[in-house]
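Open your viewer and switch to a cartoon view.

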Amino acid sequence: MRKNERTCGISDIHGLAQVVRTKTTGNTDMGESTFTAGLSDCYTQLKRDFMTINLDPANHVTPYHTDADIQELITVEDAMDRLGLGPNGALRYCMQTLSANVQWLIGKIMRIRYLLIDCPGQLELYRSEGEMDKLIVALETAGVRLCALHLTDSLYCPDPASFVSVVMSTLSSMVALEMPQINVLSKADLFTEAELPFDLEFYTNLPDIRKLVDVLDS
């Protein structure tokens, strides 16, 4: 948790922010929206008081009902057309716009106990003092207690070099966000363990990452 964290106002609200690393491997499709949809279905069946929030200004089609959407404020296309920015610059501008209008978001989540927040995947947004960091500080100050769920594509497991890169980007987000984080391997049903140099449990627990280095050297 952050130092000097304040819990006030809506302190009973819990948020599950899905934070997905992408930049290191150049792939943003880790299944975060699919996971949000599945968890939304689960919460609906459990009759929990929750809302789903899409904070990805480039995600126009979500497989779940959105109760709040950053695209009510701005989209990536808006920023690109008006300011002549590229896709990454436009995404950062959108998140800066959200941070400047964070009271809009806080007003929507009042009296809601659980939040499912689907976040954009670009790694640069999650660096220390980045756009997402400012948003997280604002939500925590308002009393929202957050936990990050970091999805990693398990299809990188067969390639030790790619997997080590994934681990480093995951660690980077953990350090930058300074909040409880659950790291999950997604899409594990799309390959067999026979393709891996080690069993799947090795990749979920990482008892000795030097074994991956040995595979790279062999």
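**Stop 1: the whole protein**

Bear in mind that this is a predicted model. Select everything. How many helices and strands are there in the protein? There are 8 helices and 6 strands. Now trace the chain along the sequence. The pattern reads β-α-β-β-α-α-α-β-α-β-α-β-α-α.

Next, colour by burial. Of the 218 residues, 46% count as buried.

**Stop 2: helix α1**

Select residues 32-45. This is helix α1, with 14 residues. Its first and last C-alpha atoms lie 20 Å apart, close to the 20 Å expected at 1.5 Å a residue.

Which residues of α1 are buried? Show the side chains of Glu 32, Ser 33, Thr 36, Ala 37, Leu 39, Ser 40 and Tyr 43. Look at how these positions are spaced. An α-helix has 3.6 residues a turn, so residues three or four places apart point the same way.

Now step past the end of the helix. Lys 47 follows α1, and its phi is positive, near 60°.

**Stop 3: helices α2 and α3**

Select residues 76-83 for α2 and residues 87-100 for α3. Their axes come within 8 Å and cross at roughly 110°. The two helices are therefore roughly perpendicular to each other. In handedness, α2 passes α3 in a right-handed crossing.

Show side chains where the two helices meet. From α2, pick Val 76, Ala 79, Met 80 and Leu 83. From α3, pick Pro 87, Ala 90, Leu 91, Tyr 93 and Cys 94. What classes of residue make this contact? It has 9 nonpolar residues, no polar ones and no charged ones.

**Stop 4: helices α6 and α8**

Move on to residues 160-177, helix α6, and residues 210-217, helix α8. They pack at an angle of about 145°, with their axes 9 Å apart. Is the crossing of α6 and α8 left-handed or right-handed? It is left-handed.

Select the contact residues. On α6 they are Pro 160, Ala 161, Phe 163 and Val 164. On α8 they are Leu 212, Val 215 and Leu 216. By class, this contact of α6 with α8 has 7 nonpolar residues, no polar ones and no charged ones.

Notes:
Residues numbered from 1 in each chain as written. Predicted model: local features only at pLDDT ≥ 70, side-chain atom pairs only at ≥ 80, totals over all residues. Heavy atoms only, no water. Axes fitted to C-alpha atoms, helices over the stretch in contact; angles between N-to-C directions. Helix = DSSP H or I, 4+ residues; strand = E, 2+ residues; numbered from the N terminus. Parallel < 35°, antiparallel > 145°, perpendicular 65-115°, else oblique. Left-handed = near helix turned anticlockwise from the far one by under 90°. Contact = heavy atoms within 4.5 Å. Nonpolar A, V, L, I, M, F, W, Y, C, P; charged D, E, K, R; others polar. Expected span 1.5 Å × (residues − 1). Buried < 20%, exposed > 50% of the residue type's maximum accessible area, 1.4 Å probe, protein only.
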